[in-house]
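Here are some friendly notes to read alongside the coordinates.

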Amino acid sequence: MTNKETPIPAIPAGSVAPSTATAVTGGPTAAIPASPNPASGIGTTAAGATPSLGRGTTGSSGTNGGATGGPTGGCGTARRGRLEAYGIGLLLGLLMVAWLLPAEVLSGQGGLWRSAGVDLSQNLSGHLAYQSGPWHWPLLVSGNLFPPHGLSIAMTDSNPLLSLVARIVVAPLAGHPVNLFGAWIALCWLLQPVAAIYAVRGFTPPALPRGRALAIAAAAAAMALLWPTLLHRLGHTNLLAHFCLLAALGLAARALRDGTPLRFWPGFALLAATILIHPYLFLFAGAVLAAPMLRALPTGWRGLLRPGATFLAMLVLPVLLHRLLSGTSGGADRGYGFYSMNLLSPVWPQVSGLFGADLPVLDATGGQYEGFNYLGAGTLLLVLLALTLGWRSGWLRGWRRWAPLLAVLASLTAVAVTPRLYAGPWLILPLPAWPWDQVFGIVRASGRVFWPVGYALLLGAIALLGARLPLRALAPALALAVALQAADAAPLLGETRSRLAQGDAGLAPLPALPPGTTLLRTALACPATAADTTLAERLRLAAVQQGAALAEIRASRQPRWFNCESALTDALETPLAPGETRLLLGPAIALLRPAALGPGATCARQPGSGADAVFCATTPYLPGAPLPATAPLPRLGEAPVLASSWKPDAQGLPWSEGPRATLLFTTAAPRLRLTLDGIGRRPGEARDITLRIQDAAPVTLSLPDLQPTEILLPIPDPTRPVRVAIDIFRPIDPTRRALPAPVERAGVRLRAISGAD
């Protein structure tokens, strides 16, 4: 390979390439003579100005660009250049996959999958549960989660796109559910360098000389594989798809560079795929693709109409598709601002091979680990070099072409670091959460919003240096940056490789589920400890792997009808179904009334599981230490019958606490008489409740505010334990009405309960 190159042409955005290369210098175009330094590839105008980074000839590679042997290279040369560049990326991706992923991880059987933590267990449970059982509508709903209602696997972050492939294609061929997440991780690492090359080629002139184009491609591919934020994301397998963000940057950059409209079908296909992988990727990619539309803002609403309509359709159609397939779009959740990015995170070394592997992630809120965005020493070197040389040499004069993208990136950065802006441990800007949490609440982990910004900084620096530095200086500079990035990312690389091979560290052995388990129901305290939550998710995954359904599962957005208190009381107070196993964890164990689980139920503590765990089932033999006998259920009229979520006031009248309150007792009476006061949300407003006795159909009642209402209910089977569940939608804080209540979330007040003939 020779260092002699043809000067790089540049022409005004949106124009047609003439036969003689031209440059934009802020005024009229001028012919660019050959550079005095043939190896530099940098042309100068007659006035001595450096041309802006612009569009090259279109005759050799079209508007999408391609590496050619020079500005007059033919289509064959351009095609060969593209193949060489993407071939480098593919080769580096294959090498990384071979080095990172053991065969047992690729097959979805061993390594990480034998010892998966809480998030991976949740994702994999939904993925495997979806592949068995009948189809439902909407199509992404699995009947094996929350039966009989079902739950969309989009809410368990189970990669709906991958799960659809597994259910439609792979599982029928294999004859059983198959874990495709190993192949997914390999695909993410394989496409990461290829997408980085696609993106960086959008930031560079299409007609770069071959040697220069290959150097840029190799550097972009290697740096993308060594990206600290990507290495930090193994716990969220769907979010490893950073190649989607790189593809969005590539599409937007081509449209801005060439002065052409953003193409609808590639943009739509990318956004449709990302929303079915993870909604965060959809939001970030959609924001990047908004940049070409913003270019039309100075032209007024008429000029904005067509690009705006195209972008709106590109954005809305994938949302409608997701809603159609999933039945829900999730929605906002609490946490915006808590999971933000620290302002110093991109530049301050964290988990660094050069500055200290023990340097912690900057976290001033307790949740800023989600905002880990350290760029790495190699990227910082490239950005610093590009800014320094670009400013001193006038290379940055063409920045206006990229102004729409810069505006988008600045906005994403603002979302990532607000509303409470921290620099290290210091609070710099204490903005109130409202109203920003109402606007950006859907992006709960807002620190992730910086991901496209980090990639844009890397790609922009490589593109600027790659198009302007002499090749004899460019190659060593890029090689040094890659070496620094690799050394800096070494601890994260080692941790990722170790975790893939061995799984999450510190996880205790799982107790074996009772044989014949077809349904697992879990009793967790509200709220549960991290240890209890982890064990619950791991045992749920084990149950799904044995073919059982899950009565409940941790979800990114729980169904509107679900609440923790209801799930807890159902697990503690209802009879066991055939084949059902109950898992009780931590403080929930002390609330258990074994007699409520029905005849033949036995409960045993499971030692050595890393948390206090109890299995209850109707199997003849249940491993573990049997729980000691407890007192029988109280008899109505002879002992208190309050079960869950009641507190008495000064007069001794019980008030309900939270969205569910229950009564549990035995009686021979055929009917039950209840006297309840409703606690309305406002004075005089009726309180709607749903009341269910044993397994009878629920009854919806409207109770007058603070007035006694007598309710007479038939008892379906007086020979069994009687359980009355009262569900309250949106209980209120009684202090808002100046009510002297002993609870913080009130719904009803119990005045009397008795049997009736």
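1. A salt bridge to begin with. Please keep in mind that this is a predicted model. The side chains of Arg499 and Asp504 form a salt bridge, with an N to O distance of 2.4 Å. Arg499 is partly exposed at 22% relative accessibility, while Asp504 has 14% and counts as buried because the cut-off for that class is under 20%. As background, side chains of opposite charge can pair when their charged atoms come close.

2. How many salt bridges are there in total? The structure holds 24 of them. Some join up: Asp570, Glu573, Arg660, Arg723 and Asp727 are linked in a network of salt bridges.

3. A link across the sequence. Arg745 and Glu565 meet through their side chains in a salt bridge of 3.0 Å, N to O. Arg745 sits in the loop between strand S21 (722–728) and strand S22 (748–756), and Glu565 belongs to helix H19 (residues 564–573), so this pair ties together parts that are 180 residues apart in sequence. Arg745 is partly exposed, at 36% relative accessibility, whereas Glu565 is buried, with a relative accessible area of 16%.

4. The side chains of Asp695 and Arg720 form a salt bridge at 3.6 Å, N to O. Asp695 is in the loop between strand S18 (687–693) and S19, and Arg720 is in the loop between S20 and S21; the pair links distant parts of the chain, 25 residues apart. Is Asp695 buried or exposed? Asp695 counts as exposed, at 54% relative accessibility, and Arg720 is partly exposed, with a relative accessible area of 28%.

5. The open sheet. Here 6 strands are arranged in the order S8-S7-S9-S11-S10-S12, with mixed pairing. Its edge strands are S8 (549–550) and S12 (625–626), each of which pairs on one side only. Strand S10 (residues 602–605) runs antiparallel to S12, and the two are paired over 2 bridges; Arg605 stands opposite Ala625 in S12. Helix H19 packs on this sheet, touching strand S7 (519–523) and strand S9 (580–585), and the direction of H19 makes about 115° with that of S7.

6. Strand S18 and its partners. S18 pairs with S19 in the antiparallel sense over 5 bridges, and 5 bridges also join S18 to S21, again antiparallel. Thr690 is a handy reference point: it stands opposite Thr700 in S19 and opposite Asp727 in S21. S18 and S19 form a hairpin with 5 residues between them, and Gln694 in the turn has a positive phi of about 50°. S18 has a covered face made up of Arg687, Ile689, Leu691 and Ile693, and an uncovered one with Asp688, Thr690 and Arg692.

7. Asp705 lies between strand S19 (699–703) and strand S20 (708–714). Why does Asp705 count as buried? Its relative accessibility is 11%, and the class requires under 20%, so Asp705 qualifies. A polar atom of the Asp705 side chain lies 2.9 Å from the backbone nitrogen of Gly680. Beyond its neighbours within four places in sequence, the contacts of Asp705 include Gly678, Ile679, Arg682, Pro683 and Arg737.

Definitions and conventions. Residues are numbered from 1 along each chain as its sequence is written. This is a predicted model: local features need pLDDT of at least 70, side-chain atom pairs count only at pLDDT 80 or more; totals for chains, interfaces and linings use all residues. Side-chain values use heavy atoms; hydrogens and water are left out. Helices (H or I, at least four residues) and strands (E, at least two) are DSSP runs, numbered from the N terminus. Buried means under 20% relative accessible area, exposed over 50%, partly exposed in between (1.4 Å probe, protein chains only). A polar contact is a pair of N or O atoms within 3.5 Å; within protein, one must be able to donate a hydrogen and the other to accept it, and residues adjacent in sequence count only if both atoms are side-chain atoms. Contact means heavy atoms within 4.5 Å. A salt bridge is a side-chain nitrogen of Lys or Arg within 4 Å of a carboxyl oxygen of Asp or Glu. Two strands pair if DSSP finds at least two bridges between them. Axes are lines fitted to C-alpha atoms, for helices over the stretch in contact, and angles run from 0 to 180 degrees between N-to-C directions.
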